[in-house]
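Trainee: Could you help me learn to read a protein model, one feature at a time?
Mentor: Gladly; let us open it together.

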Amino acid sequence: MIINGKEISQKIKDQLKIQINELKQQKKRVPLLAVVLVGHDQASEVYVRNKVKACEYIGIASQVIRKENNCTQDELLSIIEKLNKDVHVDGILVQLPLPAHIDEEIIIRSINPDKDVDGFHPINVAKLFLNEEGFIPCTPHGMMVMLDEIGYNPGGKEVVVVGRSNIVGKPVSLLMLHKNATVTIAHSYTTHLKEITQRADVLITAVGKAKFFDQSYIKEGAVVLDVGINRDENGKLCGDCNYQDMAEKAYAITPVPGGVGPMTIAMLMTNTLLAYHRRSYGI
């Protein structure tokens, strides 16, 4: 089974569009997402463009603040402070990576946690750890929604996450734990990786190595969620998994492109509307 992230994300965006239209009919203001982009990183430009496109489709207002590569940390902090204080701004997203002279941790911590739609602020991270209401990072959240969409309950299942980043690996491990899965986190120092992944009912790959995993890494009937976005030897977009090879053995698998990627943007839109409601109605 192919887990089609494009179709699932479209369904979510359509549901959000209906909610935004209801706000418009009630003559209420619509949510506003502010995106800050520093420099001209090509991938970041594409991501920001896609986020703005999704906002336009749904009816969420967006504001892109572009700064040159030589933007100072203090300048960026001052922009964030203004957005924090702006009552019309519901969500703030600073596109990563930032230039080397800017400390990403300081920038993330400066965003008001109530507007932190990426879910990266330490307060939202702590809420996720404690299984409390906060903002869930978009990519891990998207993966959980994908499992829901195919009717797969990870409760009691063995989940192996390869990758321990703060953006994907760690948060998705916590989300799986909250769903009563038994979770193993593997990483670059893990020995006997194949033996570990072969036990997995659900394998999540986030290593950033093109087609690193093949069907020898999974057992028959496993669910595979591929977070990797890489280029293969022909310059073609691919994941961490050899999709064609693994699809024969897996029960369900996400393709790249068209898998987890579109879900990330759909969940960002979900978080922006959630931020709006929490700020407007205190829910």
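Mentor: We will go through the domains, a sheet, a strand and some rings.
Mentor: This is a predicted model, where local features need pLDDT of at least 70, side-chain atom pairs count only at pLDDT 80 or more, and totals for chains, interfaces and linings use all residues. Residues are numbered from 1 along each chain as its sequence is written, and side-chain values use heavy atoms, without hydrogens or water.

Trainee: Into which domains is the protein chain divided?
Mentor: Domain bounds come from an automatic or database domain assignment. Here they give domain 1 (28–112) and domain 2 (138–261), with 29 Å between their centres, taken over C-alpha atoms.

Trainee: How do I read a sheet, and what order do the strands of the open sheet have?
Mentor: Strands are DSSP runs (E, at least two residues), numbered from the N terminus, and two of them pair if DSSP finds at least two bridges between them. In this model an open sheet of 3 strands runs S2-S1-S3, with parallel pairing. Strand S2 (61–67) and strand S3 (91–94) are at the edges with a single partner strand each, so one side of each has no neighbour in the sheet. Strand S1 (residues 32–38) pairs with S3 over 4 bridges, and Val36 stands opposite Val94 in S3.

Trainee: In strand S7, which way do the residues point, and are they buried or exposed?
Mentor: Buried means under 20% relative accessible area, exposed over 50%, and partly exposed in between (1.4 Å probe, protein chains only). In S7 (residues 223–226), Val223 and Leu225 point one way, Val224 and Asp226 the other, and all are buried. S7 runs parallel to strand S6 (residues 202–205), joined by 4 bridges, with Val202 as the bridge partner of Val223. S7 also pairs in the parallel sense with strand S10 (residues 252–253) over 2 bridges, where Val224 stands opposite Ile253.

Trainee: Which rings are linked into a cluster?
Mentor: Rings of Phe, Tyr and Trp (its six-membered ring) pair if their centres lie within 6.5 Å; planes under 30 degrees apart count as stacked, over 60 as edge-to-face and the rest as tilted. Ring pairs link Phe212, Phe213 and Tyr217. Phe212 and Tyr217 are tilted, at 5.8 Å centre to centre and 45° between the planes, while Phe213 and Tyr217 are edge-to-face, at 5.1 Å and 80°. Phe213 is buried at 0% relative accessibility, whereas Phe212 is partly exposed at 33%.
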